[in-house]
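Please keep the sequence and the structure in view while reading.

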Amino acid sequence: MICDECGNEYQRISQHWAWNEDHRPEINELNKERFIGLLMGDGCIESGAGNGNRKNAAMLVHNINKEFLEEIGDLISLPYNISKGKTAEQSFENFGFDHNVNKDNFHAVYRLSFVSHPYFNELKEWYSSGRKRFPKDLSLTPQSLGCWYVCDGSIERRDGRQPRMRIASVNEQGEQTVLDLFKELDVSPKWNGHSIYFSVEDSKKLWNWMERYKSFERKYSSTVIQ
Ligand SMILES: [Zn+2]
């Protein structure tokens with residue numbers, strides 16, 4: 001592959017870039033919004049300090065859907081690597097063998113790691129309180145909501161009722177500021193436990209507004225919400 005930044009050829013651009021932190025393209029707005037959505041969900045920022053020679057922070061995303069990680073990695077077009085995280089067995093064991101949990105609910109986890117980038121340094125701000133929290137100036141876009149939804153969202157299906165969307169957010173549980181994010185979209189969700197719930201009408205509205213990913217069929221089945 002030819003490196004766009006220096007014009008030389010390398011077998012693995014990500015490896016070449018690991019040693020050349022000035023070799024970084026600008027990240028466009030849509031991709032920034034996707035990173036924000038990932039960070040609202042399963043993403044985390046890994047600080048640059050203490051990682052060998054690395055100066056800039058990197059982003060990691062842990063998810064059980066490997067196809068999604070590939071899809072988002074290709075879409076964003078910043079060099080990335082996908083590796084196997086915990087197996088289903090390890091995830092279950094880490095949970096502490098609680099007798100109330102079903103082993104079948106545990107899946108192998110994959111890890112998507114994007115190459116370090118100065119933009120990720122800005123996102124370290126989310127951790128200023130000591131744990132990851134949404135920043136005050138956050139606003140939703142189709143890209144950020146789409147990425148947040150695939151990480152933490154699901155469709156509630158109940159017999160005799162129309163399906164509706166919910167998004168889990170343990171860290172922000174019960175906070176009005178999270179509900180306020182949806183004001184601009186004329187959508188009014190409610191908290192119930194650690195999830196925000198949307199009415200059937202609001203689910204349809206968001207459904208048609210947000211970016212959707214083909215690797216997440218089970219969250220996007222068009223027969224469920226139209
Ligand atoms: Zn180069």
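Two residues are in contact if their C-beta atoms, placed from the backbone, lie within 7 Å. Among contacts in the protein chain between residues at least 6 apart in sequence, 63% join residues at least 24 apart.

This is a predicted model, in which local features need pLDDT of at least 70 and side-chain atom pairs count only at pLDDT 80 or more, whereas totals for chains, interfaces and linings use all residues. Residues are numbered from 1 along each chain as its sequence is written.

**Confidence and composition**

The pLDDT is the predictor's confidence in each residue, from 0 to 100. Its mean over the protein chain is 88, and 89% of the residues reach 70 or more. Confidence is lowest in α4, with a mean of 68, and highest in α2, with 98. Where pLDDT is low, the predicted coordinates should not be read in detail.

The protein chain has nine helices and eight strands. Helices (H or I, at least four residues) and strands (E, at least two) are DSSP runs, numbered from the N terminus. A residue is buried if 20 or more other C-beta atoms lie within 10 Å of its own, exposed if 12 or fewer, and partly exposed in between. Of the 226 residues of the protein chain, 24% count as buried.

**The two sheets**

Strands of a sheet pair through backbone hydrogen bonds, either parallel or antiparallel. Here two strands are taken to pair if DSSP finds at least two bridges between them. Angles are taken between axes, which are lines fitted to C-alpha atoms (for helices over the stretch in contact), and run from 0 to 180 degrees between N-to-C directions. The table sets out two open sheets, each of four strands with antiparallel pairing.

Four bridges join β1 to the antiparallel strand β2 (residues 58-63), and Ile45 stands opposite Met59 in β2. Helix α3 (residues 66-76) lies across β2, β3 and β4 (110-114), and runs at about 170° to β3.

β7 pairs with β8 (residues 195-197) over three bridges in the antiparallel sense, and Trp191 stands opposite Ile196 in β8.

**The core and the surface**

A nonpolar core is a set of buried Ala, Val, Leu, Ile, Met, Phe, Trp, Tyr and Cys residues joined through C-beta atoms within 7 Å. The largest one has 36 residues, and Leu38, Leu39, Met59 and Trp148 have the most contacts inside it. Helix α6 gives the most to this core, with six residues. Domain 1 (27-127) and domain 2 (142-225), whose bounds come from an automatic or database domain assignment, both give residues to this core, so it lies between them.

Leu39 touches Ile45, Leu123 and Trp126, not counting residues up to four places away in sequence. Nine of the eleven residues of α6 are buried, so this helix is largely enclosed by the rest of the structure; among them are Trp148 and Tyr149.

Is Asn105 buried or exposed? Asn105 is exposed, because 10 other C-beta atoms lie within 10 Å. Asn105 belongs to the loop between α4 (88-94) and β4.
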